[in-house]
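Here are my notes on the structure you sent.

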Amino acid sequence: MTPTPLLAVEDLVVEYPVAGGVFRAVDGVSFAVPPGGALGVVGESGCGKSTIARSIVRLLRPTRGRILLDGTDIAGLPERRLRPLRKRVQMVFQDPYGSLDPHLTAEEIVAEPLRLNGMRSGAERARRAAALIDQVGLPAGALQRRPAEFSGGQRQRIGIARALASGPELLVCDEATSALDVSVQAQVLQLLRELQTERGLAYIVISHNLGVVREISSEVVVMRAGRIIESGPTGTVLSAPVEPYTRALRRAALDPTTMRGRKPRALVSAIAADQAPVAADQAPVAADQAPVAADQAPVGAGQEPGATQ
Ligand SMILES: Nc1ncnc2c1ncn2[C@@H]1O[C@H](COP(=O)(O)OP(=O)(O)OP(=O)(O)O)[C@@H](O)[C@H]1O
């Protein structure tokens, strides 16, 4: 009998309200992550990766479909019933500069989710924060420093410690190493692998970088224009991709002149040179479909999960 996946996404659809209608950013996506497993999600900029991530941690309420966390559908769950489940899935953000409160010390940043999860004793929170800071490889002296006093890689470690504070079973890493240079990226990936082994953590690793996904994910889905176009074991998909799009992604990733130091957009031109145009219904968002105003944004947009727990 197949064990219940820790997370199963079924036929997920996410639409954003835009002038004159809606824009479908995610269009019928399904995948599953077993306990302790790691799934990579790759695809060009704008294909819907972050929208999926934000739906899974329920910063967004999806339009349709199911998000089963250990069998419980959280896709439409009201906040009151969602709250006790939030700690089980945490997110690590791309921008280690913007996602940490600059006014707080590392200890306060890591202790905050502990407080929100009901740890009353300040001394206990401080002790736990110190243990987490140590676990992510930062020295004890880091505890009283503020984000501006850390390097990008160190800040990302604080972000990981903050995510771990809730005791999650699944970390959703949305381009979590993209802002880091290559050697620091390797160290953070190594940390994520160690946490997977030590804590049995599961991951969804969202990246435009196939190298990152290859490092950490046993399964991968390749997205294009809101849909999954190819999926399977990472080794198979990346070494023998079936879809021309995946082959182009792979070639772009292997070509150092295409990827080095560039933003994900670099992939788009690399792929465009290699591919027939996308069908009209898969075309990238048009100028008149620019992101909606904050008051039209989907439920919870702009909040960080840590801030709501
Ligand atoms: N609030 C919003 N309102 C309208 N459209 C949006 C909104 N947020 C995202 N989109 C659009 O939805 C699509 C998917 O966006 P998303 O951020 O999920 O892509 P992505 O694959 O994560 O891109 P990147 O790799 O650049 O972060 C894009 O076309 C984007 O312009």
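Is the crossing of H5 and H6 left-handed or right-handed? It is right-handed. The points below set that crossing in context. Keep in mind that this is a predicted model.

1. Overall make-up. The protein chain has 309 residues, and 41% of them are buried. It holds 11 helices and 10 strands. Take the contacts between residues at least 6 apart in sequence: 67% of these join residues at least 24 apart.

2. H5 against H6, geometry. Helix H6 covers residues 182–199. Its axis and that of H5 come within 10 Å, crossing at roughly 20°. Angles under 35 degrees count as roughly parallel, so H5 is roughly parallel to H6.

3. H5 against H6, residues. On the H5 side the contact uses Gly152, Gly153, Gln156, Arg157 and Ile160. H6 answers with Val184, Gln187, Val188 and Leu191. By class, this contact has 4 nonpolar, 4 polar and 1 charged residues.

4. H3 against H5, geometry. H3 spans residues 106–116 and H5 spans residues 152–164. Their axes lie 7 Å apart, at an angle of about 25°. That angle makes H3 roughly parallel to H5. The crossing of H3 and H5 is right-handed.

5. H3 against H5, residues. Ala106, Ile109, Val110 and Pro113 come from H3. They meet Ile158, Ala161 and Arg162 of H5. The class count here is 6 nonpolar, no polar and 1 charged residues.

6. The buried side of H3. Which residues of H3 are buried? They are Ala106, Glu107, Ile109, Val110, Ala111, Pro113 and Leu114. Note that Glu107 is on that list. The buried residues of H3 pack against H5 and also against helix H4, residues 122–135.

7. Val110 and the core. The largest nonpolar core has 76 residues. Val110 is among those with the most contacts inside it, along with Val172, Tyr203 and Ile204. Leave aside residues up to four places away in sequence, and Val110 touches Ala129, Leu132, Ile133, Ile158, Ala161, Arg162 and Ala165.

8. The end of H3. What follows the helix? Just after H3, Gly118 takes a positive phi of about 100°.

Technical notes:
Residues are numbered from 1 along each chain as its sequence is written. This is a predicted model: local features need pLDDT of at least 70, side-chain atom pairs count only at pLDDT 80 or more; totals for chains, interfaces and linings use all residues. Axes are lines fitted to C-alpha atoms, for helices over the stretch in contact, and angles run from 0 to 180 degrees between N-to-C directions. Helices (H or I, at least four residues) and strands (E, at least two) are DSSP runs, numbered from the N terminus. Angles under 35 degrees count as roughly parallel, over 145 as roughly antiparallel, 65 to 115 as roughly perpendicular and the rest as oblique. A crossing is left-handed if the near helix is turned anticlockwise from the far one by less than a right angle, and right-handed if clockwise. Two residues are in contact if their C-beta atoms, placed from the backbone, lie within 7 Å. Ala, Val, Leu, Ile, Met, Phe, Trp, Tyr, Cys and Pro count as nonpolar, Asp, Glu, Lys and Arg as charged, and the others, Gly among them, as polar. A nonpolar core is a set of buried Ala, Val, Leu, Ile, Met, Phe, Trp, Tyr and Cys residues joined through C-beta atoms within 7 Å. A residue is buried if 20 or more other C-beta atoms lie within 10 Å of its own, exposed if 12 or fewer, and partly exposed in between; C-beta atoms are placed from the backbone.
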